[in-house]
Amino acid sequence: MISTGRILLRRAAPSTSTPAALAAAAIRGYSAAAAAPPVPPPHRFARRKHPALLRTPTPTVEEAVTNILYNTPQAGTAPVRRHVLNCLVTDEPGVLSRVSGILAARGFNIDSLVVSKTDVKQLSRMTIALKGQGTTVEQAIKQLEDLVPVWAVLDLSPHALIEREMLLAKVNIVPHQIRDQYFLAEADLAEADAALDRSHKDGGDAAADTDRILQGTHQQLHAVTNLAKLFGAKVVDVASETVVVELCAKSDRINAFLKLLNPFGLVEVARSGMMAMTRTPVDGVYESEVEEELVEAVDLASLPPS
């Protein structure tokens with residue numbers, strides 16, 4: 001006899017991989033989120049979280065020095081101008097070296113430096129011509145005034161000046177073609193004599209050669225003398241081969257005179273350096289301004305046709 005009983009069957013759970021199961025799970029999640037209570041906003045006095053600060057790495061010594069060198073602003077681009085300094089100093093040993101040392105430390109190249117005594121005993125005047133920026137020159141003047149032997153330092157550049165410089169130039173008066181042929185160096189005197197002997201043996205006349213040399217020398221001496229008169233110079237020494245010319249004028253005029261003397265042949269040149277003194281106006285007008293007014297007053301229509 002077979003007993004019968006209920007057979008309990010357990011239902012298998014639906015697979016979650018089916019589309020129906022995924023849709024049911026999504027519906028349950030949405031309903032749970034809708035039923036959850038809302039999250040309240042943060043209080044206005046609540047502490048906020050700040051973002052973390054970026055930490056820069058500490059530079060090395062080499063990087064720091066390089067940064068300072070390349071990021072330092074350059075010096076001012078003030079124009080470099082010519083300055084004339086007038087220094088009144090005590091006449092004692094060592095003053096010149098101290099003054100020039102301060103200017104050299106500032107990086108100035110002295111174009112001209114003249115030191116002379118004055119009519120006051122134990123007082124000397126220094127006239128210094130240099131080029132530099134205005135601010136740098138002012139700092140150098142303050143340092144010079146701090147020296148004990150220096151009484152005063154004046155910058156004469158903004159004022160109307162009288163500038164004078166002495167020149168002694170020894171010029172060759174023998175023409176180049178004659179000098180190259182006969183007047184050689186002292187070490188080549190034997191060769192010069194041999195050249196003269198060869199020219200005489202070839203039929204040359206010694207008297208004719210001498211006349212040609214004297215004639216060329218006279219012409220060149222005449223040309224140098226005329227040029228000196230045009231510049232207001234004078235001849236102070238004459239020799240058979242050279243002549244010494246003296247000129248007292250402005251530095252620019254002396255430079256122009258030397259350029260014109262150079263083709264003749266400069267043997268030796270000596271310059272004294274520039275001396276300067278301020279002009280004194282007459283009735284508030286300087287001499288140069290009067291000359292400019294006279295030049296401008298000339299009517300070109302009144303001149304004869306050229």
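Which strand gives the most to the lining of the largest pocket? In this predicted model, the answer is strand 5, with five residues.

The largest pocket holds about 450 Å³ of space. Its lining is made up of 20 residues, and those closest to the centre of the pocket are Arg82, Glu163, Ser251, Asp252 and Met274. Besides strand 5 (161-172), the elements that give two or more residues to this lining are strand 2 (110-117), strand 3 (123-132), helix 8 (251-261) and strand 8 (266-278).

By residue class, the lining of the largest pocket divides into eleven charged, five nonpolar and four polar residues.

Why does the largest pocket lie between domain 1 and domain 2? Residues of domain 1 (81-158) and residues of domain 2 (164-187 + 211-278) both take part in the lining, so the pocket lies between the two domains.

A separate feature is the packing of two helices. Helix 3 spans residues 95-105 and helix 4 spans residues 134-145; their axes come within 10 Å and cross at roughly 150°. Because angles over 145 degrees count as roughly antiparallel, helix 3 is roughly antiparallel to helix 4. The crossing in which helix 3 passes helix 4 is right-handed.

Definitions and conventions:
Residues are numbered from 1 along each chain as its sequence is written. This is a predicted model: local features need pLDDT of at least 70, side-chain atom pairs count only at pLDDT 80 or more; totals for chains, interfaces and linings use all residues. Side-chain values use heavy atoms; hydrogens and water are left out. On a 1 Å grid over the protein atoms alone, a cavity is a set of points where a 1.4 Å probe fits but cannot get out, and a pocket is an open set with protein on both sides within 12 Å along at least five of seven lines; lining residues have an atom within 4 Å of a point. Grid points are joined across faces, edges and corners, and a volume is the space filled by probe spheres set on the points. Helices (H or I, at least four residues) and strands (E, at least two) are DSSP runs, numbered from the N terminus. Ala, Val, Leu, Ile, Met, Phe, Trp, Tyr, Cys and Pro count as nonpolar, Asp, Glu, Lys and Arg as charged, and the others, Gly among them, as polar. Domain bounds come from an automatic or database domain assignment. Axes are lines fitted to C-alpha atoms, for helices over the stretch in contact, and angles run from 0 to 180 degrees between N-to-C directions. Angles under 35 degrees count as roughly parallel, over 145 as roughly antiparallel, 65 to 115 as roughly perpendicular and the rest as oblique. A crossing is left-handed if the near helix is turned anticlockwise from the far one by less than a right angle, and right-handed if clockwise.
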